[in-house]
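The chain is displayed below.

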Amino acid sequence: MNEPISSAPDALLLMAPGCPHCPSVLESLGRLLKEGRLGRLVAVNVAAHPEVAVEAGTRSVPWTRIGPFELDGVYGAGELADWAAHAAAGTGMAAYLAHLLEHRQLDRAVAVVRRTPGALTDLLALAGSLDTPMGTRIGISAVVEELRGSAALRDAVALLTGLAASPEPAVRADAAHYLGLAGGDLARAPLALLLADPDPQVREIAAE
């Protein structure tokens, strides 16, 4: 028998009559609840309670929230178990942001970064990894552009300075762009160094 996890996250499932995929998601979440991997499971029929869907900001079902992770659509039992494990351990934010950007959910990614302490750090860690796919990197830039001039982005200048020292020109180019979006006096020194970068694209972005 699996031991209950003391930090097991709560889950919310929005479903509707006639939804062909909702029962399988409900069954998978119910299994996680029985195994002690979820602390509580609330299932809501949005046909009877549309206000819950409005509050969640979704128009489609199934829609699942496990801890901090909001998931649109159909997820298998293994995927739901992985997100539950991340939520219980307080990990997985970088993977979640990458997941949102890969699925073109830019608005949700921006909202997560704005409201979740540490999420911007996870996002910038993705920017610093060459394993991050190009499509996701473009999404990261779009999120950072939404944060232009914000206190959160200015507070991340030290992290951006670290990216600016990367041995990879593509990462340094992104760092130059992000430092320009952050603005402020602290961003000037690392940008000045990038003006003399050996890579011409990095120099051009730093100059802009």
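## An exposed loop residue

Arg-104 has a relative accessible area of 78%; since residues over 50% count as exposed, Arg-104 is classed as exposed. The model is a predicted one. Arg-104 lies in the loop that runs between H4 and H5. Its phi is near 60°, a positive value in a residue that is not glycine.

## A cis peptide bond

The peptide bond between Val-61 and Pro-62 is cis, with omega at about -5°. Pro-62 belongs to the loop between helix H2 (50-56) and strand E3 (63-66).

## Helix H4 against helix H6

Helix H4 (residues 93-102) and helix H6 (residues 119-127) have axes that come within 9 Å and cross at roughly 70°. This angle makes H4 roughly perpendicular to H6. The crossing of H4 past H6 is right-handed.

From H4, the contact involves Met-93, Ala-94, Leu-97, Ala-98 and Leu-101, while H6 supplies Ala-119, Asp-122, Leu-123 and Leu-126. Sorted by class, the residues in the contact of H4 with H6 are eight nonpolar and one charged, with no polar residue.

## Helix H5 against helix H7

The axes of helix H5 (residues 106-115) and helix H7 (residues 134-146) come within 10 Å, crossing at roughly 55°. H5 and H7 are therefore oblique to each other. H5 passes H7 in a crossing that is right-handed.

On the H5 side, Leu-106, Ala-109, Val-110, Val-113 and Arg-114 meet Gly-139, Ala-142, Val-143 and Glu-146 of H7. The contact of H5 with H7 comprises six nonpolar residues, one polar residue and two charged residues.

In soluble globular proteins, nonpolar side chains tend to be buried together. In this model, the largest nonpolar core contains 58 residues, and those with the most contacts inside it are Leu-29, Ile-66, Leu-97 and Leu-123. Helix H10 (residues 169-182) gives the most to this core, contributing eight residues. Two of the residues named for the core, Leu-97 and Leu-123, also take part in the contact between H4 and H6.

With residues up to four places away in sequence left out, Ile-66 touches Pro-9, Asp-10, Ala-11, Leu-29, Leu-38, Leu-80, Trp-83, Ala-84 and Ala-87.

Terms used:
Residues are numbered from 1 along each chain as its sequence is written. This is a predicted model: local features need pLDDT of at least 70, side-chain atom pairs count only at pLDDT 80 or more; totals for chains, interfaces and linings use all residues. Side-chain values use heavy atoms; hydrogens and water are left out. Axes are lines fitted to C-alpha atoms, for helices over the stretch in contact, and angles run from 0 to 180 degrees between N-to-C directions. Helices (H or I, at least four residues) and strands (E, at least two) are DSSP runs, numbered from the N terminus. Angles under 35 degrees count as roughly parallel, over 145 as roughly antiparallel, 65 to 115 as roughly perpendicular and the rest as oblique. A crossing is left-handed if the near helix is turned anticlockwise from the far one by less than a right angle, and right-handed if clockwise. Contact means heavy atoms within 4.5 Å. Ala, Val, Leu, Ile, Met, Phe, Trp, Tyr, Cys and Pro count as nonpolar, Asp, Glu, Lys and Arg as charged, and the others, Gly among them, as polar. A nonpolar core is a set of buried Ala, Val, Leu, Ile, Met, Phe, Trp, Tyr and Cys residues joined through side-chain atoms within 4.5 Å. Buried means under 20% relative accessible area, exposed over 50%, partly exposed in between (1.4 Å probe, protein chains only).
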